[in-house]
Amino acid sequence: MEESPQSQPSQAGKSGQQDASNKPKSGERTDQGAAPAPDHYSAENTNKHEAELLPPPDTLGNKHRFPVLAQPTEEFTGLKLSAQQHIAAGVTAVLKSMEFNWGEAGVGRGTRALLGLNQKDGYDCSSCAWPDPDDHRSVAEFCENGAKATASDADERACGPEVFAKNSLADLSRLTDRDQNNLGRLTHPMVKRPGGTHYEPIEWRDAFYLIADELNALGSPDEATFYTSGKIPNEPAFLFQLFARQFGTNNLPDCSNMCHESSGSALSPTLGLGKGSVTLNDIHEAEVILIIGQNPGTNHPRMLSALQIAKRNGAKIISINPLREAGLDHFRNPQDFMNPLRALGALLGDGTQITDVFLQVRVDGDMAALRGIMKHLFEAEDLNPGQVVDHAFVQEFTTGFAEFEQNIRATSWDDIEQLSGLSRAQLLEAANVIAHKQKIITCWAMGVTQQRQGVQTIKEIVNLQLLKGAIGKPGAGTCPVRGHSNVQGDRTMGIWEKMPESFINGLQKEFGFDPPREHGRDVVDSIKAMIQGKTKVFFSLGGNLLAAGPDTEAIADGMRKQKLTVFVATKLNRGHLTTGDTSLLLPTFAHVDVDMQKSGHQMTSCENSMGVVSQNKGILQPLPGQMLSEVAILSGVAIATLGDRLKGDWVAMTQNYDVIRDHISRVIPGFEDFNEKLRHPGGFYLPNGPRERKFTTENGKANFTTTELEKYPLEPDQLVLMTVRSHDQFNTTVYDYNDRYRGIHGERRVLFMNPEDVKARGLQAKDRIDITSHFEGQQRTVEQFLVVPYDIPRGNVCAYFPEANPLVPLSSVAKVSNTPTSKYVVVTVAKSKVSAAKAPQRPVAEAVPA
């Protein structure tokens, strides 16, 4: 066994030369550790959310009332339309990757960054959490959006003190989100003083003590909010929650609250673990894969390679989504260019057909669609007893089957067809694919989790997997596809407002302090508390809550009421400009940056969507300036704030991150021998009970659920809006104004509408419109969008976030999870009240010929 760098500093960051022998292999389930992973959503920690409906913000007036714009600028950037594409990736993706990468980071720096991306001895992509192969990895183990994220992180441009001296916060807020990102990497700590209009330089020591003074002046630790982005690696995430709890609060909202909180809320009570149960090898050997509410071609492009392998192995894929996305249609794999037998087809052909059955469901109609499929399966079971339902599995491992079956059989076809927008025949086609198969995987993302009934819909997904016995065996299981690179790992590290007692007790034993036991606030409740004046300090470790959260102007109102806002970041974003009385902007390293501390070159770790923890070790020298690592920043804040009250040797943890990992290994089950296992090339798998048919629910069984299929009637002319990201965007970071797969070029302020809905409202393509959302008698309006007729179900519309986020009501949340319903916003549209002559704009170009 290699010595830990805690005792041998020369070993810091080095990887062992052994194979990842503990990876699950095809056809077997090796033991991944006896300790079950924490069940974060057990009955003991069910949270009671603040249900109060706050007055709506003035989405129109605030644009003129405050000099700093919270909403993205309304200036049009030049819309061009082309035909919707049906093939993802290919040569174009390669060219776009190189063009963006070399343009941002330079040829030499950019190429070096890409060659280390997602390699076993390299660094983890800062964008999506799709897993890397356990065994062989190609030289180019990245996708187009990963290349863009890496280029953005490796940016050679510096956004230093001179930029802020020349530009006030108001000036910067009038840039587009793309142009803010393109100012370059933050290099120096900056402060905005009370009444000030600019960020100004500040020394690190002064910044730490400014934070300390504000925190220590609070009447209660719960007057502080500690927010986290899913990009943050495990080690700083662990320190962040440790500091917050030593300070005395569980107010640890994070981006999970806005994305896969619904997944954890559904999976834990049904299967015993709030994570997925499959590995990458399972995807490869599945017989049927359902993809629901997900756009892998844009949001998780490397997933297409896994789907291609599954297709070549004979899998059938069913896609359920309101939009026909290119990545769900056909895929040209750039890796095939290196294969002489496939190169010509990859260059000129249509590539691999991904979807066999496409169900164009209505927004929020997924639960009805799933019920229709399962109703057909029960009818098939009646005709073929014992051949469709896995009765042996149901009998041995589950409870609640009879009530569930009765609920599905009692659902009327009229309700199923009306709510899903799909015919009985269409659902039968999907059911016939599933009926006699055993290796079934269901994948889903925010198209499901951000619905009003997102939790219940995911429970129906679990019901489908259980009735087929498709859990805990090779090629089968649940697959919530996470977004940011370490959003799952941050939760494992304790970034959650209601961690279970077992975790809290572990902290108490390891560090010798009494952590707070009362649950803290999640994102929605934190925003409400900020608005109501219940908090005074907002500390953000990465992320962009203003652009990621619902009800943009409501968040801005809350930020302005804070005495101090603190933003630890790599690049400037809009969320750094709407601030409290005092605001700090603290520059930190990205995944790609070399992190040198006293013991040497440090590495951190991330956990991907499938529970693999692997190393992240930067390879590029940071830009000149005064950046500090996230660990160093947090340690500086903790030491300044708590002084003699601080538990643990934070200096040692900063000098050598293995000291942090040694603490983690004694607090969190599954991380025993963390330092040793992290040095295995490829990392290691965390324990996963459902993967081995060990269901750590309260009754020790996998639980069927009887859900309620609710109806939500609309008023005349009302539509249902969902928000999505464009192809030139990752989460809230906008790289450019294009969305080429959907045929959108040079513009983001667009509303996708069914052509019949466009005609019924007397509108035409590219008409200027205003959009108004309706919730509990409240209205919110955004102006200056352009109509784009599109293939979307009648009665549904679609727009990009963050532009459409001001329409999402803060109190419109999914049941149980409290996740904002960005995939179900009731709206009306009308011709814009702002004349074209007065609107900020650039010329709107003619359509590009199809």
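Reader: How many helices and strands make up the secondary structure of the protein?

Author: The secondary structure comes to 31 helices and 33 strands. Both are DSSP runs numbered from the N terminus, a helix being a run of H or I of at least four residues and a strand a run of E of at least two. The model is a predicted one, in which local features need pLDDT of at least 70 and side-chain atom pairs pLDDT 80 or more, whereas totals for chains, interfaces and linings use all residues. Residues are numbered from 1 along each chain as its sequence is written, and side-chain values use heavy atoms, with hydrogens and water left out.

Reader: What share of the 850 residues counts as buried?

Author: Of the 850 residues, 67% count as buried. The word stands for a relative accessible area under 20%, while exposed is over 50% and partly exposed lies in between, with a 1.4 Å probe and protein chains only.

Reader: What share of the contacts with a separation of 6 or more joins residues 24 or more positions apart?

Author: Such residues account for 80% of those contacts, a contact being heavy atoms within 4.5 Å.

Reader: What makes the link between Glu-783 and Lys-63 a salt bridge?

Author: The N to O distance between the two side chains is 2.7 Å. A salt bridge requires a side-chain nitrogen of Lys or Arg within 4 Å of a carboxyl oxygen of Asp or Glu, so the pair qualifies. Glu-783 lies in strand β31 (residues 778–789) and Lys-63 in helix α1 (residues 62–65), so the bridge ties together parts that are 720 residues apart in sequence. Both Glu-783 and Lys-63 are buried. The whole structure holds 40 salt bridges.

Reader: How do you know that Glu-325 and Arg-742 form a salt bridge?

Author: Their closest N and O atoms are 2.7 Å apart, so the distance meets the cut-off. The pair links distant parts of the chain, 417 residues apart: Glu-325 is in the loop between β9 (316–320) and β10 (330–332), and Arg-742 in the loop between β27 (733–734) and β28 (744–745).

Reader: Why is Glu-325 called buried, and why is Arg-742 called buried?

Author: The relative accessibility of Glu-325 is 6%, so it counts as buried. Arg-742, at 4%, is therefore buried as well.

Reader: What makes Arg-452 and Asp-364 a salt bridge?

Author: The closest N and O atoms of Arg-452 and Asp-364 are 1.9 Å apart, so they meet the cut-off. Arg-452 lies in the loop between α20 (446–449) and α21 (454–467), and Asp-364 in the loop between β12 (357–359) and α15 (366–383), so the bridge ties together parts that are 88 residues apart in sequence. Both residues are buried.

Reader: How do you know that the charged end of Arg-452 sits over the ring of Tyr-824?

Author: The charged end of Arg-452 is 3.4 Å from the centre of that ring. The criterion is NZ of Lys or CZ of Arg within 6 Å of the ring centre and within 35 degrees of the ring normal. Arg-452 also lies over the face of Tyr-712, at 3.1 Å from the ring centre.

Reader: How many aromatic pairs does the structure contain?

Author: A search of the whole structure finds 24 aromatic pairs. One of them joins Phe-393 and Phe-397, with ring centres 5.2 Å apart and planes at 35°, so this pair is tilted. Rings of Phe, Tyr and Trp (its six-membered ring) pair if their centres lie within 6.5 Å, and planes under 30 degrees apart count as stacked, over 60 as edge-to-face and the rest as tilted. Phe-393 and Phe-397 both lie in helix α16 (residues 391–397), four residues apart, about one turn of the helix.

Reader: Why is Phe-397 called buried?

Author: Its relative accessibility is 17%, so Phe-397 counts as buried. Phe-393, at 2%, is buried too.

Reader: Why is the pair of Phe-401 and Phe-404 called tilted?

Author: The rings of Phe-401 and Phe-404 are 6.0 Å apart centre to centre, with 55° between the planes, so the angle falls in the tilted class. Both residues lie in helix α17 (residues 401–410), three residues apart, and both are buried.

Reader: What makes β9 largely enclosed by the rest of the structure?

Author: Four of the five residues of β9 are buried, so the strand is largely enclosed.

Reader: How do you know that β9 pairs with strand β8?

Author: Strand β8 (residues 288–292) and β9 share five bridges in the parallel sense.

Conventions. Two strands pair if DSSP finds at least two bridges between them.
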